[in-house]
Amino acid sequence: MPATAAPGSSAPSDFTAPTVSVLPSSAPQRPITRLQQGIRQPKVYTDGTIRYGNLATTIEESPTLQQVLADKNWKHAMDVEFDALLKNKTWHLVPPQKRRNVVDCKWVYKIKRHSYGKIERYKARLVAKGFKQRYGIDYGETFSPVVKAATIHLVLSLAISNTWCLRQLDVTSAFLHGYLEEEVFMKQPLGYEDKVNPNHVCKLDRALYGLKQAPRAWHYRLCNKLQNLGFVPSKANTSLFFYKKGCHIIFMLVYVDDIIVASSSQEAVNALL
C-alpha cells in the first residue's frame with residue numbers, strides 16, 4: 001500500500017518505508033590475545049642481557065632432607081655451616097616462653113662451580129624465615145644504606161686517572177657479624193636438634209641470614225669499626241669513608257656484598273690491612 005506523506009513533509013507520495021530487522025542483543029566479545037592463540041614472541045635483548053640467566057635452578061640444588069642425609073657432600077656442607085654458627089656464638093638455647101614469637105628456619109643449598117663447569121664445593125646455609133617476624137617485637141628499623149652508583153663511578157675514575165691502587169675485599173658471612181638489639185627466638189635447625197633439650201628454642205645473639213634487620217645490624221657494626229680505625233664517613237654519602245694520614249688518603253666504598261678500597265699509596269693500604 002502506498003504510504004501517504006504527513007502534512008508539511010516533502011516525501012513523495014509513492015515512498016515506501018524500508019523494512020528494518022531487529023537482531024537479538026548479544027554481549028560484547030572479549031578480545032583474543034596472541035598468547036591465547038599460541039603465538040609467542042620472546043623479547044629480544046639488545047644490551048647484552050642473558051634471558052633468565054639468574055633464574056636457572058637444578059634438581060641437585062634443591063634436594064629433600066632424605067637426599068641430603070644420604071649424600072655425604074651435602075651433609076658435610078651442613079656440618080661446616082652449623083659448626084661455624086656455633087663457633088660464632090650466633091645463639092644459645094633457652095626454654096620456650098609463652099606469648100613469644102618463634103620464627104622458623106630452613107636450609108638453603110647451592111653448588112659452587114668453577115668457570116669450566118666442574119663442581120668446586122657444596123654449600124649449605126641456614127636461613128631464618130624473616131617473613132614471620134612482627135614489627136615492633138622482633139625487629140624495628142631495617143634500612144641499610146648502600147653506596148650510590150655515581151659515587152662508585154667517581155672514585156673509580158679518580159683512581160684510574162691518578163693511577164691509585166685498587167683493592168676489593170669480601171667479608172665471609174657478613175650478616176653473621178652483626179649484633180641484634182631485639183629479642184629474636186628461632187626454632188632449632190632441622191636435623192641438628194639438641195639431644196638433651198630438643199624442645200628448647202634458639203635465642204639469637206647475632207644476626208642471621210633472612211632476618212629483616214640483618215643488613216642494618218651488619219652495617220652498624222662495620223661503620224663503628226671503621227670509625228675506630230680512623231676512617232671518617234662522608235656527609236654526602238654515608239657508605240663512603242676516607243682515611244687520611246699525612247699526604248696519603250684511602251677511600252672506602254661499602255656496598256651490598258663487597259668493599260672497594262682505593263688508595264693513593266700502596267704502603268697505606270698494606271699498613272691498614
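This section describes a sheet, a helix, a pocket and several loop residues in a predicted model.

The sheet is considered first. Four strands build an open sheet, in the order β1-β7-β6-β2, with mixed pairing. The edge positions belong to β1 and β2 (102-103). Each of these two has a single partner strand, so one side of each lacks a neighbour in the sheet.

Strand β7 covers residues 201-206. Of its 6 residues, 5 are buried, so β7 is largely enclosed by the rest of the structure. Its pairing with β1 (residues 91-94) is antiparallel and involves 4 bridges. Within that pairing, Trp-91 has Leu-204 of β7 as its bridge partner. The pairing of β7 with β6 is also antiparallel, again over 4 bridges. Here Tyr-179 stands opposite Arg-206 of β7. Met-186 has Cys-202 of β7 as its bridge partner.

Helix α4 gives the most, with 6 residues. By residue class, the lining divides into 6 nonpolar, 5 polar and 5 charged residues.

Helix α2 runs over residues 72-87. At 1.5 Å a residue, its 16 residues should span 22 Å. The C-alpha atoms at its ends are 22 Å apart, which agrees with that expectation. The buried residues of α2 are Trp-74, Ala-77, Met-78, Glu-81, Phe-82 and Leu-85. Viewed down the helix axis, the buried residues fall within an arc of 130°, so they line one face of α2. An α-helix has 3.6 residues a turn, so residues three or four places apart point the same way. The other side of α2 carries exposed residues, namely Lys-72, His-76 and Lys-87. Glu-81, a charged residue by class, is among the buried residues of α2.

Two loop residues have positive phi values. Lys-89 sits in the loop between α2 and β1. Its phi is positive, at about 55°, although Lys-89 is not a glycine. Lys-89 has a relative accessible area of 62%. That value is over the 50% cut-off, so Lys-89 counts as exposed. Thr-163 lies in the loop between α3 (149-161) and β5 (165-170). Its phi is near 55°, a positive value in a residue other than glycine. With 69% relative accessibility, Thr-163 counts as exposed.

Phe-231 and Met-252 are 21 residues apart along the chain. Their C-alpha atoms are separated by 8.7 Å.

Terms used: Residues are numbered from 1 along each chain as its sequence is written. This is a predicted model: local features need pLDDT of at least 70, side-chain atom pairs count only at pLDDT 80 or more; totals for chains, interfaces and linings use all residues. Side-chain values use heavy atoms; hydrogens and water are left out. Buried means under 20% relative accessible area, exposed over 50%, partly exposed in between (1.4 Å probe, protein chains only). Two strands pair if DSSP finds at least two bridges between them. The expected span of a helix is 1.5 Å times one less than its number of residues. The arc is that of the directions from the helix axis to the C-beta atoms.
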